[in-house]
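I opened the model to look up a few places in turn. My notes follow in the order I made them.

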Amino acid sequence: MGISILSLCYFIASVTFILGLKMLSNPATARRGNLIAAAGMAIAIAGTIFLYENDGKRLGNYGWIFGGIIIGSIIGTLTAKKVKMTAMPELVSFFNGMGGACAALISIVEFDYLFQENRMLDSTWFSDVVPAGHYLTIVAGAIIGSVSFAGSMIALGKLSGKIKDFSFRGQHIFNLLVLALVLAAAVFTYQTNVKGANIPFFITVFLALLYGVFFVLPIGGADMPVVISLLNSFTGVAAACGGFLYNNKAMLTGGILVGAAGTLLTILMCRAMNRSLKNVLIGSFGGSSKSDGGNQSEFGNYKEISLSDTAMLMAYSKKVMIVPGYGLAVAQAQHSCHELEKLLNEKGVEVKYAIHPVAGRMPGHMNVLLAEADVNYEKLLEMEDANKEFKTTDVVLILGANDVVNPAAKNDPSSPIYGMPVLEVELAKTVIVNKRSMKPGYAGIENELFFQPKTSMLFGDAKKVLQELLVEIKNT
Amino acid sequence: MQAILNFINQNVELIYIVILMIFLGIEIIGRVPSVLHTPLMSGANAIHGVVIIGAIIVMGKAENDNYIALMLGFLAVILGTLNVVGGFVVTDRMLEMFKKKK
């Protein structure tokens, strides 16, 4: 009886995951979709706690289970509620890492059971007492979970600026070597004597953690969204390994669904940047950009524009296009941005937003940010539509975006971002760039756009500049 | 070779699910507007928190004197819960902002 109800719980959970993901793909139903998936998750968790039977025995240790769930819920809710919108990518990366670590820990405990059960046997090979499939699901969960955990933590550190890009000669080969060692250690564990199987297993886990670190370390900022998405799908697969291990369909459907969807999302993002997944995986971004040397004077001088000139220019134009970037997110300037839009509208100026798919630190980052400030959905143009409209635009206001408007992506084959589709802002009549300084963007490359005659620089923190600009425009 | 065949044979039902879910996952994501990429990634992130079920099982079947299993299982439950609860709450927070639209 209990078991059939449990199966039903898992069935409901699986269906809610599918429905939830489906509803998440439509703005009108997205929020409900998320809640439905959460409800399904709650059912699956409650069912597992009270109905799961292991060899005919109910689960014990309720104190520990509830204790863990309560601690996790409190920390999870608090961090999720308190964190600023700018730190969303970090947070997703963090929670993803937690899931990966959880999957790895499950595998480690399950391995330990196998090890304890069989260690007393005299001179038997591990492969004789444990079926290959069973071992495979355990070790795969451990490896993928560890890579996902270590990788997510490094991505988190890089996003928050605590860890710098780090690469050295022959890093690709080194990474592949570490990966090969991980697999070799996993195979060796299986082929070894049961008495000593735990040591190579822990070496496998350690190497997998190491691989996770070196996997993300050399990858430059422009690739961070791709990496998070990829690690997200990794954790999905790790969860699915648990599904195999416990013959649990909820874990399997949830895990594989995320694994497949996450992989596709990753590929879509790579395509948006015109790079292959393999290229990203090997992590070649950081190294190549250094060869440029980044000589500032090579493009000549840039010119600055005053706030009042900017205000005049914008107030008397017909159409203004705003290009938001990470700088807008850092400055939390989305509300001021929306006010500027409203003010210009009152003055009869048409205002639209041009959103590059990888502007900010995650795909859709800008959309979320502007949505927070109540910017109308229909004013956000995707890249292709925006590029069509730049020709008829009078003023482009770039707020803290850099690499996504770099013309080098189109005309400089030696540039590391060559081939990435960019917003063709230089088609507009005037370009005003708001930045804090002349420092290059996250990809670490110089932007020729800033030195073009059409372009003027407006230095300062995006929020402060926008607020001052608002006052100036009101006075014109 | 025999081992692999055995594994497939024993888990044929699960393997069917895997194949179907791969196609379903791709199908669902294929139609997502780029606006929703971040919430979707976050939502998917919460869903793979289903790994918590494994953590609960590990924790629940640990013997009272098996301290390794107890400790690691406990940690796994905490981390898994973080993933699930944090993931759903963050996604909800992001989507809340879309809701006010007409």
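I began at A:Ala180, which lies in helix H7 (residues 171–191) of chain A; helices (H or I, at least four residues) and strands (E, at least two) are DSSP runs, numbered from the N terminus. The model is predicted, so I noted that local features need pLDDT of at least 70, side-chain atom pairs count only at pLDDT 80 or more, and totals for chains, interfaces and linings use all residues. Residues are numbered from 1 along each chain as its sequence is written, while chains are lettered from A and ligands numbered from 1 in the order in which they are written.

Is A:Ala180 buried or exposed? A:Ala180 counts as exposed, because it has 12 C-beta neighbours inside 10 Å. The cut-offs I used are 20 or more other C-beta atoms within 10 Å for buried, 12 or fewer for exposed, and partly exposed in between, with C-beta atoms placed from the backbone. I also looked up A:Leu207, 27 residues from A:Ala180 along the chain, and found their C-alpha atoms separated by 9.8 Å.

Next I turned to strand E6 (residues 395–399) of chain A, where five of the five residues are buried, so the strand is largely enclosed by the rest of the structure. From E6(A), A:Val395, A:Leu397 and A:Leu399 point one way, and A:Val396 and A:Ile398 point the other way.

I then checked the pairing (two strands pair if DSSP finds at least two bridges between them). Strand E3 (residues 319–324) of chain A runs parallel to E6(A), joined by five bridges, and A:Ile322 stands opposite A:Leu397. Five bridges also join E6(A) to strand E7 (residues 430–435) of chain A, again parallel, with A:Val395 opposite A:Thr430.
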